Amino acid sequence: KPDDWHVHFRDREILKAVVPETSRTFARAIVMPNLKPPILNGKQAIQYKERIKKIIPKTDYFEPFMTIYLTEKTNKKDLKEAYNSRDVFAAKLYPAGATTNSDSGVKDIKKIMPVLETMAKVGMPLLIHGEVTHKEVDIFDREKVFIDQNLDFICKELPELKITLEHITTEEATMYVNQGNRNLVATITPHHLALNRNAIFVGGIRPHNYCLPILKREKHRRALIKVATSGNKKFFLGTDTAPHFTSDKENCCGCAGIFNATYCMSILAQIFEDNNSIKNLEKFTSLNGSNHYGLSKNKTKIKLLKRNNPIIFKKQIKVGNNSISVFNPDFPVYWEVI
Ligand code: DOR
Ligand code: ZN
């Protein structure tokens, strides 16, 4: 069974609607802490985990791994205790303003270096949204500039720190991670493998293909495909499935995020097959991540079946009077999880 090393479940009615979409296919997931208000300490993470566990269907075996949202005020002692007691699996670094609910994130990386030092000492993984937020930096360059200005600094100061550069989108990121120290790995989403930036503007503006980091040029998508399908141990799946109401996406100021949990494995199987690499799909979705995090691989399995005709995607999942639109990459997908 695959694992999803980066998922947004939200809370309340959305939580109820989306958890089964992940637990149906995935055995484990790292759950992001960017709720409103964010998960800032061990106690809040434990309570959030309980809310998630109540929703997992009885027929699914699924384990959520919790994270804490780093701020310039994060308490080192609480973080260490939460990690040592296994209530929390990792901490997430959002540069302030980088994405959805990141306002309480970190403005100055130097201010959290003592916290990162503690994490390196105890072996707690750091998950990074790797984009700078300065308004003057072009949105398509924000990942590369983060690597040059921040990630390189952290890696050099704390070579022992376990770092996951999340949802990478550029050729530069694939190269930096590949050549970086062995504790540095990266997750890749299905949408960044499936689409390039043209998909945001096909015949008009396409809010359902808007996410952060934003989709990039075709050459960057090709670089992501290359590392993901190669079996390289440093790269693995983190879907960044990020539900928003359809009305909040189809809006004059639409939210960033793509809800891809429902057909993720089907889409990935299609992409891997199209790139003659179906044999490496399991490494990307089920082995490389658990290996990096020092976890055993899952014992249960899923079965993927190739149909003669493309599968028909459902368009939305209902949440009360609202809906969440389901990611459709707009190419034929023949693989079905059965
Ligand atoms: O597109 C995104 N949506 N990127 C993120 O980093 C966060 C996510 C969300 O929470 O909606
Ligand atoms: Zn995310």
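Where does Asn280 lie? Select Asn280 and you land in the loop between helix H10 (264-274) and helix H11 (281-292). Helices (H or I, at least four residues) and strands (E, at least two) are DSSP runs, numbered from the N terminus.

Before going on, a word about what is on screen. This is a predicted model, where local features need pLDDT of at least 70 and side-chain atom pairs count only at pLDDT 80 or more, while totals for chains, interfaces and linings use all residues. Residues are numbered from 1 along each chain as its sequence is written, chains are lettered from A and ligands numbered from 1 in the order in which they are written, and side-chain values use heavy atoms, with hydrogens and water left out.

**Stop 1: around Asn280**

Stay on Asn280. Its relative accessibility is 6%, so Asn280 counts as buried (buried means under 20% relative accessible area, exposed over 50%, partly exposed in between, with a 1.4 Å probe and protein chains only). Now show Thr229, Ser230, Gly231 and Phe272: Asn280 touches these, not counting residues up to four places away in sequence. Contact here means heavy atoms within 4.5 Å. Zoom in on Ser230, whose backbone oxygen lies 3.3 Å from a polar atom of the Asn280 side chain. A polar contact is a pair of N or O atoms within 3.5 Å; within protein, one must be able to donate a hydrogen and the other to accept it, and residues adjacent in sequence count only if both atoms are side-chain atoms.

**Stop 2: the zinc ion**

Next, pick ligand 2, the zinc ion. Which residues are its protein donors? They are His6 (NE2), His8 (NE2) and Asp240 (OD), lying 2.0 to 2.1 Å from the zinc ion. Donors are N, O and S atoms within 2.8 Å of the metal (3.2 Å for Na, K and Ca); water is not among the atoms, so sites may look incomplete. Along the sequence, the donor spacing reads H-x1-H-x231-D. His6 sits in strand E1 (residues 3-7) and Asp240 in the loop between strand E9 (235-237) and helix H9 (246-249), so this pair, 234 residues apart, links distant parts of the chain. Both ends are tucked away: His6 is buried at 1% relative accessibility, and Asp240 is buried at 7%.

**Stop 3: ligand 1**

Now select ligand 1. It is surrounded by 14 residues, and the closest are Arg10, Asn34, Thr99, Leu212 and His244 (a residue is near a molecule if one of its heavy atoms lies within 4 Å of it). Check the oxygen atoms of ligand 1: a polar side-chain atom of Asn34 lies 2.9 Å from one, one of Thr99 is 3.2 Å from an oxygen, and an N or O atom in the His244 side chain is 2.8 Å from an oxygen. Taken alone, ligand 1 exposes 290 Å², and the protein buries 99% of that; the areas come from the Shrake-Rupley method with a 1.4 Å probe, and for residues only the protein chains shown count as cover.

**Stop 4: the cores**

Colour Phe9, Leu70, Leu116 and Leu151: these have the most contacts inside the largest nonpolar core, which has 93 residues. Such a core is a set of buried Ala, Val, Leu, Ile, Met, Phe, Trp, Tyr and Cys residues joined through side-chain atoms within 4.5 Å. H10 gives the most to this core, with seven residues.

**Last stop: Arg12**

Finish on helix H1, where you find Arg12. Arg12 is exposed, at 61% relative accessible area.
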